[in-house]
Amino acid sequence: MKKFNFKQFKFRQVNVDEVDDRFLIMNLYFTQLLVVLLGVIIMLFQKPSLAQMFSWKQGISIPIWGVAFALAVLIVDVIISRWVPPEVTDDGGINELLFKNRPLWHITVMSLVVAICEEVLFRGAIQASWGPYWTSILFAAIHIRYLQHWLMTGLVFSISYGLGWIYIQTGSLWTPIAAHFVIDFIMGCIIRYRREN
């Protein structure tokens, strides 16, 4: 039996300038597919059920909580961007590459896919066992491009904790999904249209 040689695989840091658009988009959708599959598998073995998590019992309060939280996050982000040097909020250019040349419909699709997939895993699957604090630490850690700046890491942690909190308040995953979508969509549009002006 032939041995598999793991030494042939080498990990190296990828420079943003080396990444082409097709690779970036394929990577985004592939990782989101893995995230949602992992989330759904975990959720099948825990309570509450998928149907309870996606409940609309709270009615209109679901989008109100989601949009209100998203607006609060966006206001804080605008304040930070006005007072903090750009190098502190630098993500290595990934967000710029993702959004700068996208049509509006694709920004919408990307924001929706990321919001649903990440919230299913983090709020739906992981938070049920770990609680919002440890879930938020993990959420901040996987957003690796922000880890080099304490301010951005803290902001991602705080946003995640807030998403967990609004999920607890309404009992529906649609609330953090709505908030996550609005945040990503508006930030994507700012990146996209700021460039054109």
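Trainee: Which residues is Phe122 in contact with, leaving aside its neighbours within four places in sequence?

Mentor: In this predicted model, Phe122 touches Gln127, Thr135, Leu138, Phe139 and Ile142. Each of these counts as a contact because heavy atoms lie within 4.5 Å.

Trainee: What makes a group of residues the largest nonpolar core here?

Mentor: Its members are buried nonpolar residues joined through side-chain atoms within 4.5 Å. The largest such set has 17 residues, and Met43, Met53, Leu121, Phe122 and Leu173 have the most contacts inside it. Helix 1 (21-44), helix 5 (104-142) and helix 6 each give two or more residues to this core. Helix 5 provides the largest share, with 9 residues.

Trainee: And which residues does the second, separate core include?

Mentor: That core has 13 residues, among them Ile80, Met152, Ile159 and Ile183.

Trainee: Which residues make the contact?

Mentor: Helix 3 contributes residues including Trp65, Phe69, Val73 and Ile80, while helix 6 contributes residues including Leu155, Ile159, Leu163 and Ile166.

Trainee: How do the residues of this contact divide into nonpolar, polar and charged?

Mentor: There are 11 nonpolar, 5 polar and 1 charged. Asp77 of helix 3 takes part in the contact, and Asp counts as charged. Gly66 and Gly162 are there too, and Gly counts as polar.

Technical notes: Residues are numbered from 1 along each chain as its sequence is written. This is a predicted model: local features need pLDDT of at least 70, side-chain atom pairs count only at pLDDT 80 or more; totals for chains, interfaces and linings use all residues. Side-chain values use heavy atoms; hydrogens and water are left out. Helices (H or I, at least four residues) and strands (E, at least two) are DSSP runs, numbered from the N terminus. Buried means under 20% relative accessible area, exposed over 50%, partly exposed in between (1.4 Å probe, protein chains only).
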